[in-house]
Structure formats: structure tokens, C-alpha cells
Amino acid sequence: MNEGLQYRLAASGGAVAADHTHKRGSERCMKWRKMADHVQGLAQLEILCKQLYETTDTAVRHQAEKALVEFTNSPDCLSKCQLLLERGSSSYSQLLAATCLSKLVSRTSNPLPLEQRIDIRNYVLNYLATRPKLAAFVTQALIQLYARITKLGWFDCQKDDYVFRNVIADVTRFLQDSVEHCIIGVTILSQLTNEINQADTTHPLTKHRKIASSFRDSSLFDIFTLSCNLLKQASGKNLNLNDESQHGLLMQLLKLSYNCLNYDFIGTSTDESSDDLCTVQIPTSWRSAFLDSSTLQLFFNLYHSIPPSLSPLVLSCLVQIASVRRSLFNNAERAKFLSHLVDGVKRILANPQCLPDPNNYHEFCRLLARLKSNYQLGELVKVENYPEVIRLIANFTVTSLQHWEFAPNSVHYLLSLWQRLAASVPYVKATEPHLLETYTPEVTKAYITSRLESVHVILRDGLEDPLDDAGLVQQQLDQLSTIGRCEYEKTCALLVQLFDQAAQTYQELLQSTNSSAADITVQEGRLTWLVYIIGAVIGGRVSFASTDEQDAMDGELVCRVLQLMNLTDSRLAQAGNERLELAMLSFFEQFRKIYIGDQVQKSSKLYRRLSEVLGLNDETMVLSVFIGKIITNLKYWGQCEPITSKTLQLLNDLSLGYPSSVVRKLVKLSAVQFMLNNHTSEHFSFLGVNNQSNLSDMRCRTTFYTALGRLLMVDLGEDEDQFEQFMLPLTAAFEAVAQMLSTNTFNEQEAKRTLVGLVRDLRGIAFAFNAKTSFMMLFDWIYPAYMPILQRAIELWYHDPACTTPVLKLMAELVHNRSQRLQFDVSSPNGILLFRETSKMITTYGNRILTLGEVPKDQVYGVKLKGVSVCFAMLKAVLSGNYVNFGVFRLYGDDALDNALQTFIKLLLSIPHSDLLDYPKLSQSFYSLLEVLTQDHMNFIASLEPHVVMYILSSISEGLTALDTMVCTGCCSSLDHIVTYLFKQLSRSTKKRPTPMATDDRFLHIMQQHPEMIQQMLSTVLNIIIFEDCRNQWSMSRPLLGLILLNEKYFADLRNSIVNSQPPEKQQAMHLCFENLMEGIERNLLTKNRDRFTQNLSVFRREVNDSMKNSTYGVNSNDMMS
């Protein structure tokens, strides 16, 4: 090779020149080839984009999606994205480039270098500035990319300059150009505010809160001020809102203002569903904008000057402004602000031209609700125009309720306003009249009469019946219960009048031979509403505010409903109305809560009225009406699941509170004795094995037997004969299943149904029997006679969760030592035998369920994880039940404990980490079991293979940051047990005690091989305590001391990095906080030392938070604390 090289160098100069020329030619050729490849690649990408977004062929779209995912993950993705933006001929290819770049800048592993991200940011801004007329979705994707880069780089420095924070400077050049540029500039700010306000799952919550707090303190108020100034300029000009671009600009400005006002200022991440409780925690530094009435006035003026299509956005902003925290103002300032707000509301009510638009109407209803959720009635009545405004609001509410078919979801906010107003009446101290005694009855009347009038129209026009939406009806009735109790005499008189009319008409129609079914249905619908409403207003009784007269009025209403019930029950053999029956049950539930029980005065005027009209002289007779209704429903409505389950819930509620006088009175009733002696399908059809019904429909049987079990226990004592008598139907069912399973040709469906019904019944009884005497009778009845049948069922039908889940749940209930009911005699081996059965069931189920292989993601919980979760709960209950000495198993060579624990490990390893936290019931049962294992069976954990130990430790690490406090607390406890065990083993090894067991050595070895796992958990716990809203500080403190003592060098490095990340003037204070944390702490994990550390940590957290206030590095800001 060298000879060849020398030869070429020795050649003539012409040859060398020719060689150079040849080289240049080949380089150019390669460049052209590369470019041609790029062009060809671009063309291919464009075709794929079109296929992805335009084709209707699923297979083609799937192929395109697959190819584009590969492109996203390719190493040259970045350069190709730039080429697509520069040369791509379709909007779809530009969209692909923007979304790919967003993924690249968002990735947590192998992030892009700072210079590259700055280049992308600048490139995007220039691209948007030079191409203002891109397709809307491309512009949106590019703005999203800019917002993502800015958020993730918020704390990145280049030459002491926070390079991504000059957002207003970035946008200014857009705002000084054409309308199109202006729209882009405002959208950038709007999208950025939204992006920073939203936490994403790929980055830690602590980082999100630090960025959000810093953005709030440094930029948000300037952005809000800019948006208000631009809105003022826009409203000052005569905008041509028919011009699409000017209309678009105004819409983006309003969205920007809304995003600023809707910002999560203090990191509470409020759920949008809790809308009516919302307070906007505006920082104190924003006071000037709200003390100046021009900001409020600006939005009210805009509402009246812009088209209805934009005014919902204005009203959304006003809703936020009306919700500003009370402590932002002193009393005088608040009164002035409220006065301007009420004036604006009055102006809208006086000029309601835009309100027929459903979106405007909805937002305006929300604004009205905020008047009372954020201000007191005593403040409202002092507003100058209050009498006029309350009249206008009442008229608006009445009109809205009368037009029930218009925007039904908005009614909630109006009723919420009146509910809060009515609830405040007893507490208002102002001398000015509130006038609610005049207007509240009008609102009550409008609601009641409009619901009754709706029945006919809904049936006539075939509309959707609001009564079918149980949640909505219940919500409105809860609100009406408070509104209706204001001026209760008027409410009661109206209900009596309407009820009498409807009931009389209904009776006449039933007696008439030529009445139409439609007319009867209308009257039943009206009576359904009235029964619901009567139940609600009775449920609204407040003991300290009610009078004898009001109790007498309740008596009038109750008498009428019970008379109607007698009429409808007498017709059940021919016909019944499901909705009316559900209303009756709702009424009974409210009546029970208020007038049944030890807390009620039996001299109540209600009972006197019941005695006069219906001859119900005391509570026992009223209870017999309840039980009579329950038995009637179960007899005639046994196949109607909603009525059956609500009826059984009522029975269950009555049986609660043992040994209250109510339960004792119930047991003496002949109807209850009938139920206790005749709980068979012959009398109660829902207990039958109906081949048409679904297996899951049998759930209500558990409720039924829980109630019967409680009632049976009242007089059961030690009477085994009475217990055997009660169990006869269940004994017969078990014998029938045993008979079926003993033959080879049994009807599988029938066997399954009988068994599932039976185990659901038994679980109800087991749950109710929480005393030792009664539970031991049940235990002796089921074990050993019937346990093999349950084991056989698991073997046969492990793949059918509808069958196995009830069996597993029964077993989990049987081994649960609730109220110390599982106390075996010293000579009894039953505790160990029960554990053997538990171990056998877990092992049988676990080994078989693992043979199913891969289960589709959408079915994995129902088919596999639910059963696994119950097994974990069962194992936890038996391990922590305190009725088995687990040491004897190894001593006598019994493998029951090992089998159960090994099955647990196999099941655990078959579950991906993500699933452990995605399914709440699974995560709760797993982490509570792990807590027991690390506490009492640490030797077993220490003996596991390294990959299993790492799996368990990483699941604890992930659980520490879980949103569920119960899971997080369980992880802290498990980690504490592990760390304590490790610390003890290390202490022993340094003291040169006798050689520890090989398992101990192995566990120590694993931990020494992987120190990063424990270090990461130390970092996580410390981060949560310092930076997050730590709700279980005590639990977090327990493992932290052990983690520090095991990793002293790492803790010192972590401390230094946290101190150095603070501004220079704060570093000394932070260093002192850490010094104080370890003051007086010794190198041991004795209880006294731990308690001292927990106290130190509480002081440490408080001092650190104080130190970080007003710092852009901190989570909170000082002005947020007031």
C-alpha cells in the first residue's frame, strides 16, 4: 500500500493535477447522489404523509404509520425534518416535521444539546415569520414545538443568560407586523402559557412546578398586561369583525387572557369537575390590575360590542375574574370590586340579546354561580343595585327553568347559586333586606312545575327523559332540597296541591274503562317527579333549624306518598312503573335518614300526623311499612336489577348500626322473621338460577345476605341449631354443586350459576359475622366439608373470571381477621389448616392463570389482573391475621408457606411495572402485601434472585411518587423495613458476629452491586419532601434516616448539589438547614433516634420552604401564602 502511495506521489505534476480534478469530480458526484437520495427520500416521506392523513384504506394507513415511526426513530431524523420544512410541497409533510421535532426535543434519554435546541427555536420563529399563511394545523404544530422547547429549556443558561426566557422579545416583532403575524405572536404566548401550565407524564412533577412557578413570577403578569392592552387597542378601533383575520386575532387575544387567568398559580392542579368550588389564586403582585376597575370594565364592554360567537370567551374570562381570591382585597376594595361586578351582570341581564346562544348562556350561568361561591350574602345585599339585580336574576332563573329543554346542563349553576343563597339566610347579619323570602319560592315553583309540564312533551315528541339520567336528577334534587326548605310553608302547600291533583287524576284514570295508556303514563311521570321532590325536601331538613310546624308539613307529604304506594303496590300483579318505583326508593332513603333512628325525637309532629291519617302509631309500625315495601319489591321486581339493588341497599342501610334500637325493632317484625326463615328463590326470585341473566347480575345477593346476616346475629348468640336452620338453603345448594361436580356429564352453566350465587351469598354472611362466636359457626360449617368444592371450581374454571373472582373474594373474606373474629383455641390447628387451604387456592389459581399466555391489553384486567389482585389481598389478610405461627411450616417440612410466596413472585413477575400503578385496586393490594412481607418475612425477600429483588425495589421506587397516598405510604413502610434490615446486616458484618446465613450475604451483595437503586430512592424521597406537597411527611421520614446512613457520601453530594442550585444569597441558609437536619442524630436506627430525626425533618421542611420563597428556584412564592 505504501509503495503504491509513493508511486503516485512520484508521478508528474500533471498526473497530480489530474488526480485532484478526479477527486473533486467524485466529491461533486457524491454530493449530487446524496441530494438525489434526499429528494427521493423526501418524495417518499410526502407519499407516506398523504397515505397517513388522507387514505380511507386501514391497511395502507397502518403501513404508512409504521414507516413514519421508523423515520422518527432514525438517526438522521433532525436533518430530514429541516429538509421537509424547507422543500416539502404538502402541509402534511410540514406537520410531520413539526411533530417529529417536538418528540426529539421532548425525549428524556439522550436529549439534544443546548446549541441545537437554540437553533431549532430560532429556526421555528424565522420560519413562522416568513410564512404567515401556512395551513392552520402546521402553524399550530410549530407553535407547540416552540412552546415545548421553551418550557423544557426554561432553566438552561448560556453565558449567564437564561436563553429561553425572552418570550415577549421573541413575539414583539410579530405584534408589530401584519394581522396574520399578530395572530401568530398572540397564539405563541397563549400556547406557551398553556404548555407551561400543564404537567406532562414524561418529566417529574417537581421540575414542572419549578418551571411553572418561575414563569408565573417572571413573565405571566407581563403577558396578561400585554393581552389586556392589545384588547383595549382592539376595542378602541372600529374592528371589522366580518374580516376573518381580525376576527381570528380577537379570538386569540381572548384565549390568551383566559389562559393567563386560568393558570394554576399555586400548583393545586384542580380537577375541572370541581368547577363550582374554584378560587383563582391571583398573586399579590397582580393587585393593581384588579383594583383598577378598567380591567373588569374592559371585558364587560367587549361582551356588548363583539359578535355572539366570541362572547363566550369573554364570559369565561369574567368567570375567572369573579373568582379572584377574597384575600387579594381589603373589605372596602372587595365591596368596590363586587359593586362593579354586579353592575356588569345587571347590564347583561338588562340586555339579554346574546344569551339565547347556548355557549353564552352556559358561561353566564357559571358567572352567576360565582357571585355566591366567592362572596357572602351579607356583602351582596350591601351592593347599591342589589334589589334590582336579585329580581333580574330570579326572573332569568324562572325563565330558564321553564324552558327546561334549552341547555339542561347549565341549570346546575343556577340552582347552585340559589342553593348557596338559601343556605346563607340563617347566617346573614346585614340590616339590608335580602328579599330571598320573595324570590326563592318563585324559583322552587318554577323548577317543580316545569318538570311536571315536561312529562307530556317528552312522551309526545319522543324526547330523551331526564329521569333516565339518575346522576343529573340526584344532583338537582340535592340543590332543590336546600332551596325548597327556604319558605317551606309555600313549598309544602304547592307540593300538596300538585300531588293531590295528580293523584286524583291518576286514580280516576285507573278506575275509568276507556282511559288511554298514554294518559296513565303521563300521570305516573308527574307523580314520579313529585315523589322524588318530596323525598328531596324531606332530606333537606336540618335538625337545629326545623320547627314542629315543618315536621307536621313533612307528615302531610309522607302520608300522601305512602297512600300512593299502597295504590301502586295493589296493582303490581297487573302492571308497574319502574321509574315511579325508583322514586319511591329514593323517597324511603331520605325518610330513613331523617326520621328513622335513635337520633329522632319520637314525639315529632310527623309521627303524630302518620298516626292520625294512616294509623302508624310508632316507629315499629313505620319500619313494618319499610320491610313490607322491601319484600313487595323483591317479590314483583326480582328481575329488574336497578330496583332490586336499590331495594337491597335500603334493607342494608336499615340493618346497619347494630345493636341500635332500630335493628332490634326490625328483628321483632314478623316480616323480617319470614325473610330469615324463607330466603329461597321460591319467595325471592332474584335468588334463582336464571339462565337468561348474566353472572355479574348476582352481585346484589351479597348485599341481601349481609343484611340478613346482621339481622340474624341480633338474637343468634351461641344457638347452633338456629344457625343450621338459617343455612339450610345454602347447605342444599352446596350439596347440589357437589353432586354435579362428582359426575362427568354435568350441566356446566347450571353448576357455575349455582356456585357463583352461593359464594356471593356466603361472602355477604361472612362480612356480616364480625363476632367470634357467629363467625366460628360459619367456619365450622364451611370447613372442611365444602372447601374442596371451592378448590375444584378454581381448577375447572380458572379462565372464567365471572366464576373465579367471586370464589376468590369469598376466600379473602373468610381469612380476614376483622374485629379479631378469627381466634382459635390453643389446642386447635384450624389456623394452620385455613392457611393451607388459602395457600392451595392461591397456588392452584396462580399456576393455572399463568398458562393463559399473552392476554389482549383491553381484557388483561378482567381476565387476569383482577383475580391476581384478589389473591394478593387474600395473602395479605392471612399473613397479617395474627392467627398462624408461620415458623412451624419450615420446622415441620410443610411447603404451604413457600408455595404461596413462590406463587406470589411468579404472578408478580408476569405483571409489567406500568400495570402495577395503572390499576388502583391491584396497586393497593400489591403494596399492602409487600408491606407485610418486608415486615414479617424479610428473610424470604432476601433469599430471592437478583432480578426479582431489583423488580421489587424498582416497584417501590415508582410507588413513592404515586398519586394514591395509600400506595405511597405503603412504599415508605416497605422501604423502611428493607433499609432497616440492610442496616442491621451491615452492622452485624462489621461486628464480626457468627457467619450470617447465605441469603443475607446474597442480599447485601445485590445491594452493593446496585447502589444506584437505593441512591435513587434517597434522591426521590428528599425531592418530594423539599419540593412537593408532601401529604405523608411522617411516613416519608421513616425510611429517609436509614437511606442517609447507608449512603452518607451520596447524601453529602446530593446536599451540595441542592445547596449550589440555589441563588448565591440563599446558599448559606440552605446549608444551615441541612446541618440542623442531622443535628443530634446518631448512627443507629433506634426508635428514639428515628423520632428525633422525624422532628428535625419537620423543622427542615418548613425552613427550606421559607428559604426558597420568592426564589425562582422554589416551588412557592411569598405572595401566594396570604
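Student: In this predicted model, is Asn-882 buried or exposed?
Tutor: Asn-882 sits in the loop between α38 (860-879) and α39 (887-891). Its phi is positive, about 70 degrees, although Asn-882 is not a glycine. The cut-off for exposed is over 50% relative accessible area. Asn-882 has a relative accessible area of 71%, so this residue is exposed.

Student: Where is Leu-435, which has a positive phi although it is not a glycine?
Tutor: The phi of Leu-435 is about 65 degrees. Leu-435 is placed in the loop between α19 (411-424) and α20 (436-461).

Student: Which residue does a cis peptide bond join to Tyr-783?
Tutor: The omega of this bond is about 5 degrees.

Student: At what angle do helix α35 and helix α36 pack?
Tutor: Two packed helices are described by the angle between their axes and the distance between the axes. Here α35 (residues 787-797) and α36 (residues 801-814) have axes 9 Å apart, and α35 passes α36 in a left-handed crossing. The packing angle is about 145 degrees.

Student: Which residues of α36 are met by Met-787, Leu-790, Ile-794 and Trp-797 of α35?
Tutor: By class, the contact of α35 with α36 has 10 nonpolar, 1 polar and no charged residues. On the α36 side, the residues are Cys-803, Thr-804, Val-807, Leu-808, Leu-810, Met-811 and Leu-814.

Student: How many disulfides does a search of the whole structure find?
Tutor: A disulfide needs two cysteine sulfur atoms within 2.5 Å. Cys-971 is buried at 0% relative accessibility, and its sulfur is 6.7 Å from the closest cysteine sulfur, in Cys-968, so that pair is too far apart for a bond. Over the whole structure, the number of disulfides found is 0.

Student: How far from Cys-228 is the nearest cysteine sulfur?
Tutor: Cys-228 has a relative accessible area of 6%, so this cysteine counts as buried. Cys-228 is in no disulfide, and the nearest cysteine sulfur belongs to Cys-260. The distance is 8.1 Å.

Student: Which helices do the buried residues of α13 pack against?
Tutor: The buried residues of α13 are Thr-295, Leu-296, Leu-298, Phe-299, Phe-300, Leu-302 and Tyr-303. They pack against α10 (205-236), α11 (244-261), α12 (287-291), α14 (311-322), α15 (331-350) and α16 (358-374).

Student: Which residues is His-181 in contact with, leaving aside its neighbours within four places in sequence?
Tutor: His-181 lies in helix α9 (residues 179-197). Its relative accessibility is 10%, so His-181 counts as buried. Its contacts are Ala-129, Pro-132 and Phe-174.

Student: What distance separates the C-alpha atoms of Gly-970 and Phe-746?
Tutor: Gly-970 lies in helix α45 (residues 965-990) and is buried, with a relative accessible area of 4%. Gly-970 and Phe-746 are 224 residues apart along the chain. Their C-alpha atoms are separated by 46 Å.

Student: What percentage of the residues in the protein are buried?
Tutor: The protein has 51 helices and 2 strands, and its C-alpha atoms fill a box of roughly 125 × 90 × 70 Å along the principal axes. Of the 1122 residues, the buried part is 52%.

Terms used
Residues numbered from 1 in each chain as written. Predicted model: local features only at pLDDT ≥ 70, side-chain atom pairs only at ≥ 80, totals over all residues. Heavy atoms only, no water. Axes fitted to C-alpha atoms, helices over the stretch in contact; angles between N-to-C directions. Helix = DSSP H or I, 4+ residues; strand = E, 2+ residues; numbered from the N terminus. Left-handed = near helix turned anticlockwise from the far one by under 90°. Contact = heavy atoms within 4.5 Å. Nonpolar A, V, L, I, M, F, W, Y, C, P; charged D, E, K, R; others polar. Buried < 20%, exposed > 50% of the residue type's maximum accessible area, 1.4 Å probe, protein only.
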